[in-house]
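Here is a short briefing to read alongside the structure.

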Amino acid sequence: MRRILWIGFVCALAGAVAVAAAASRGATQKTVGKVVGIPTADTLLVKIGKAKAKRVRILGVSAPAATDCYGTAATATTRALALNQRVALIGDLKKGVFVSLPNGEDLGGVLLARGAAQIDIWSARTTREQAYAAVQREAERTFQGMWGACSTDLEVSISGPEQGLPGQLLSYSVLVKNIGPLPAKEAELRLRPGNYSEFVHKVTSADGTCTPSSWMATCAINPLGPGATAAVTVVLRAVNFGALSARAEVNLLGCIAQHCGDAPLLDRNLDSNHASAVTILPGGGYERKCDPSYPAGCIPVPPPDLDCEDFRPLRNFPVRHDVPDADDHHLDGNHDGIACEEEDY
Ligand SMILES: [Ca+2]
Ligand SMILES: [Ca+2]
């Protein structure tokens, strides 16, 4: 009697497991097949059983096409990982599948980590989207694959008068250079005085379209090939005695289309995207004087209180805390003797 009960229990349990398995199959169907071709980096040709090989899209990722920057390298990456391998395809074969490699690794995740694909933001969301986002962020940060190869580097510089007078119009020359290797199709330049009462008077450029407002001018820079330079002139109106700074910031508008061709995805060196020039307006009790707290260069004494942005590209420079009125500009927020580090902002 006891034995019969036990068998009954086992049968019931087995039945429950079978039902659960069927239910989970419905949700995440799993098929095993052999990869016999790689038409593009995010598509596999898979032979399942004796049926004709099927084209299967990898779910959640999108790789550059053959004609895009890094397209050939991306396809080679998928080929090296998956060709001739027996893989598990998880999901609906018609809609796209997660692909599990023989070593258990997720093919889509590996492609993202190597910068051979990016998250497919053009299709429906997937259950792995959040995990994939973290992987892609890391790949971008470390310039893996296409994030390094399909980048460019815009650099900005600004120069202007060392000295002026309140009421004067002061002219600054701004240069934006594309260091390369890819052409910069879209870039935006922002010009503005520091956080004081000086105003943008005029902004002109033959290499872009500029729109001035009282506190900031914005220029859409014309496409810049590798090695090419765009020039912009900005005129500021000085108001007060003291120090005046003119700041320039350039931003590459990276391609976010599914197929970018030779348009860069990002600017790989953001340190070179800011520059500033300081002009002294002596008088009214203000004379040109270098602040002894900052021995790396001549940083004028306040007022006004200048920010790290006013000395770009200068960063990580020493600060003396053993002088009177040490670090008057508050450039060493964490008091470690080095100004304008990441932690000081
Ligand atoms: Ca740059
Ligand atoms: Ca510091």
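**Briefing notes**

I280 sits in strand 18, which runs over residues 274–281. Keep in mind that this is a predicted model. The protein is split into domain 1 (26–149), domain 2 (152–284) and domain 3 (289–345).

**Domain layout**
- Between the C-alpha centres of domain 1 and domain 3 there is a separation of 49 Å.

**Around I280**
- Is I280 buried or partly exposed? I280 counts as partly exposed because 19 other C-beta atoms lie within 10 Å, while a buried residue needs 20 or more.
- Leaving out residues up to four places away in sequence, I280 touches E162, Q163, A243, R288 and P300.
- F241 is 39 residues from I280 along the chain, and the C-alpha atoms of the two are 7.9 Å apart.

**Helix 2**
- Helix 2 covers residues 71–82, 12 residues in total, and spans 17 Å from its first C-alpha to its last, close to the 16 Å expected at 1.5 Å a residue.
- Which residues of helix 2 are buried? They are G71, A74, T75, T77, T78, L81 and A82.
- After helix 2 comes N84, which has a positive phi, near 70 degrees.

Conventions:
Residues are numbered from 1 along each chain as its sequence is written. Chains are lettered from A and ligands numbered from 1 in the order in which they are written. This is a predicted model: local features need pLDDT of at least 70, side-chain atom pairs count only at pLDDT 80 or more; totals for chains, interfaces and linings use all residues. Domain bounds come from an automatic or database domain assignment. Helices (H or I, at least four residues) and strands (E, at least two) are DSSP runs, numbered from the N terminus. A residue is buried if 20 or more other C-beta atoms lie within 10 Å of its own, exposed if 12 or fewer, and partly exposed in between; C-beta atoms are placed from the backbone. Two residues are in contact if their C-beta atoms, placed from the backbone, lie within 7 Å. The expected span of a helix is 1.5 Å times one less than its number of residues.
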